[in-house]
Amino acid sequence: MTFGRPWRSWPRRPAWWARSAVRTWTASSPARAPPGRRLLNGKGGPIPAGSRFRIASQTKVMVGTVLLQLVKEGEIRLDDKLADVLPEVAAAGLVERADEITVQQLVQHTSGIPDWFYKSGTTEPAFDVFDFTTDHPPIDIVEMTRGLPRTGEPGEKFTYSNTNYTLIGMIIERVTRHTLANELDRRLFRPLGMIRTYHITKPPEGIEGPHGHGYYPDSTGTPRDVHRYNASFLGSGAGGVVSTAQDVSTFWRALTQGRLLPPSLQEVLTRGPQPSVRQDTHQCEEDLKMFGGSAPGFTTLILYSTDGRQQFEMSVTRSTTDDDAIIPAMVKAGQAVLCPTGVA
């Protein structure tokens, strides 16, 4: 489980049990599903339309957009070396071969830097999911990868790593001398009218207003409420944005319509694995793409058309350690709205 891992071939299991919030939006009109409940087992009342949720790794696309705007402005170059823009990570030996890794490789997940999210060789988080209060500065999170094996040579291949975007968040703050939250707000949220969106970086920051609560099983298998998930593991670029379905759709619409980046830099951001929603036996009227992410207790996913006309954003809360059975249902829900003639 990571923030926005590249979506692989979907498992065949179509059913998912979680009582969850599904918030949806298309460019033309809202598409409503029966409201989910705020708490496990149908308790806690309905989740209001327009409620906020953590968007997980869709944050990375926003953070990458800010970085590439700085490239456009001449504040940083794509071929700048990590050791030059963040010398502390090289001097302390936190990132091997930092003098070879470029900014572009961080953006495109080709740096070879290991991911801090997992314990080595497992799918278990490398941190205490139930520690809601300890503040972990970004450089300490990067240090969690010390001693882990690299995933490849710099620039050799795509290997998803949250560490890349933790570092990008640090770079943005170094170059601008502002917080990442400030730059996201100044460059994206306010200009696009995303008035219910903000970026969290440290506990006890969380989701404002009524919202769905996610759960994660403890060592006994008992689901525990993790809606207070530690913000410092989401912050600094990896997945710290809290938003709504309408606001997230607004961002993706602006991005795909070319209003945020020139074509050459937008290609840098979007190049790489971006699965199509098309299936062998189903054809949508549009060639839909998807992007999403997850963390303990929740999963998010957006389906969008590359011309910027349609977006369908979803967030679900869950109580499982993985979302293998949930993601296919989310994809099917999106297909039912955006290309209903192609859904069996």
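In these legends, contact means that heavy atoms lie within 4.5 Å, and the structure shown is a predicted model.

View 1. When its neighbours within four places in sequence are left aside, Leu82 is in contact with Pro87, Val89, Val95, Ala98, Ile101, Leu106, Ile113, Leu167 and Ile171. Leu82 also belongs to the largest nonpolar core, a set of 54 residues in which Leu82, Leu167 and Phe251 touch the most other members.

View 2. The greatest contribution is that of α1, which gives eight residues. Another core lies apart from this one and holds 22 residues, including Val129, Phe132, Tyr216 and Phe233.

**View 3. The open sheet of β6, β7 and β8.** Three strands with antiparallel pairing form this open sheet, in the order β6-β7-β8. Because β6 (288-295) and β8 (311-317) stand at the edges and each has a single partner strand, one side of each is left without a neighbour in the sheet. Neighbouring strands here are turned by 10° against each other on average, with direction ignored.

**View 4. Pairing of β6 with β7, and the helix across the sheet.** Eight bridges join β6 to β7 (residues 298-305) in the antiparallel sense, and Met290 has Leu303 of β7 as its bridge partner. Helix α8 (residues 245-256) lies across β6, β7 and β8, and runs at about 140° to β8.

Methods. Residues numbered from 1 in each chain as written. Predicted model: local features only at pLDDT ≥ 70, side-chain atom pairs only at ≥ 80, totals over all residues. Heavy atoms only, no water. Pairing = 2+ DSSP bridges. Helix = DSSP H or I, 4+ residues; strand = E, 2+ residues; numbered from the N terminus. Axes fitted to C-alpha atoms, helices over the stretch in contact; angles between N-to-C directions. Core = buried A, V, L, I, M, F, W, Y, C linked by side-chain atoms within 4.5 Å. Buried < 20%, exposed > 50% of the residue type's maximum accessible area, 1.4 Å probe, protein only.
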